[in-house]
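Open the model in your viewer and keep the selection panel handy. We will go from stop to stop, picking residues and looking at what they meet.

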Amino acid sequence: MLPYAAYLRVYEPLNAFAEPEKSIWAAYAASEKRPRRVGALDVEHTHALRRVIAVPPIVAPVRESRDAYVRRAEDVTYICPWETRLRSWLAFDRFRDGMSEQLAEMFVPRRVAEQAEGAFDRWKRQAGTLSPHILSSTWQVPLAWFVPFVAKERWLVLGAHDDNPGGGPTTATPVRTLIYVTPMAQARRRVARALVAVRRHAGEHLDVGEVESVGRWLEEFHPHSLVELDYGGLVHLLDDAALRADESVAEVAAAITGMETGQTELAVAMHKRVVARWRVVRALESAN
């Protein structure tokens, strides 16, 4: 897990988990020893870094993480398991798909890769789903991730900012955070609405496949869940003025409205605006 990443998370209500998972997560949520949100990303990043620099590298933990993000709203406890082992396997698959076998072996020896693949295959034969509760994206927020939310669901807290993005790893903390949270029902409704407009316009302004992928992922979880978009470590790549001015969710929503109402100029203008904003952020990857 890289430090400059954004996250799309689903928090399921405690009652969505079957026993013994339900009791385990209930005890976890009540524990004073669990990682709090202030340090959770740092903990995840530290564990990932240790696996990467190990010799040979460790593709995925031997056991699944028993940590989770916890939310409480209206007397309901919501759980978002880290699922570090599953997410590591999925990330390794994406990593290998993006390069030749010879190049991949320079990072992970073939023997280690084959062992990881074997463990993943055995796990898949027993698992009910390959959909983790957390999706991650480095150096950008995919445009389709903005679709489930509306502007009024934004929560922005400004704090310490590193003016030198290349100065070292940083992760989001409660004193510098940009997140959106919405009920699952609203998220699904907005994605379904967007798909109608995007398909009608043949994906001119939003990628149909990406929006469909987000929609399918949301369908994997309990209908009374919460959905969260967290800018994560990306908040440290943007200064206070840029974060205040970031209206990506509102701009994507306006682009969808433009498609629905035949206002092509509005759709084009909003799409160009949000793409230009994130092009600047993505460019920092090459700068480092």
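The tour below visits helix pairs and then a pocket.

**Before you start.** This is a predicted model, in which local features need pLDDT of at least 70, side-chain atom pairs count only at pLDDT 80 or more, and totals for chains, interfaces and linings use all residues. Residues are numbered from 1 along each chain as its sequence is written, and side-chain values use heavy atoms, with hydrogens and water left out.

**Stop 1: H3 and H5.** Select residues 84-97 for helix H3 and residues 110-126 for helix H5; helices are DSSP runs (H or I, at least four residues) numbered from the N terminus. Their axes lie 11 Å apart and the packing angle is about 125 degrees. Axes are lines fitted to C-alpha atoms over the stretch in contact, and angles run from 0 to 180 degrees between N-to-C directions. H3 and H5 are therefore oblique to each other (under 35 degrees is roughly parallel, over 145 roughly antiparallel, 65 to 115 roughly perpendicular, the rest oblique). Now show side chains: Trp 89 and Phe 92 are among the H3 residues in the contact, and Phe 120 and Trp 123 are among those from H5. Contact here means heavy atoms within 4.5 Å. The contact residues divide into nine nonpolar, no polar and four charged. For these classes, Ala, Val, Leu, Ile, Met, Phe, Trp, Tyr, Cys and Pro count as nonpolar, Asp, Glu, Lys and Arg as charged, and the others, Gly among them, as polar.

**Stop 2: H6 and H9.** Look for Arg 193, Ala 194 and Val 198, which are among the H6 residues meeting H9, where the partners include Ala 253, Ile 256 and Glu 260. The contact residues divide into six nonpolar, one polar and three charged.

**Stop 3: a pocket.** Which residues lie nearest the centre of the second largest pocket? Select Phe 17, Glu 21, Pro 81, Glu 83 and His 133, out of 21 lining residues. The lining divides into ten nonpolar, five polar and six charged. A pocket is an open set of points on a 1 Å grid over the protein atoms alone, where a 1.4 Å probe fits, with protein on both sides within 12 Å along at least five of seven lines; lining residues have an atom within 4 Å of a point.

Note on methods:
Helix = DSSP H or I, 4+ residues; strand = E, 2+ residues; numbered from the N terminus.
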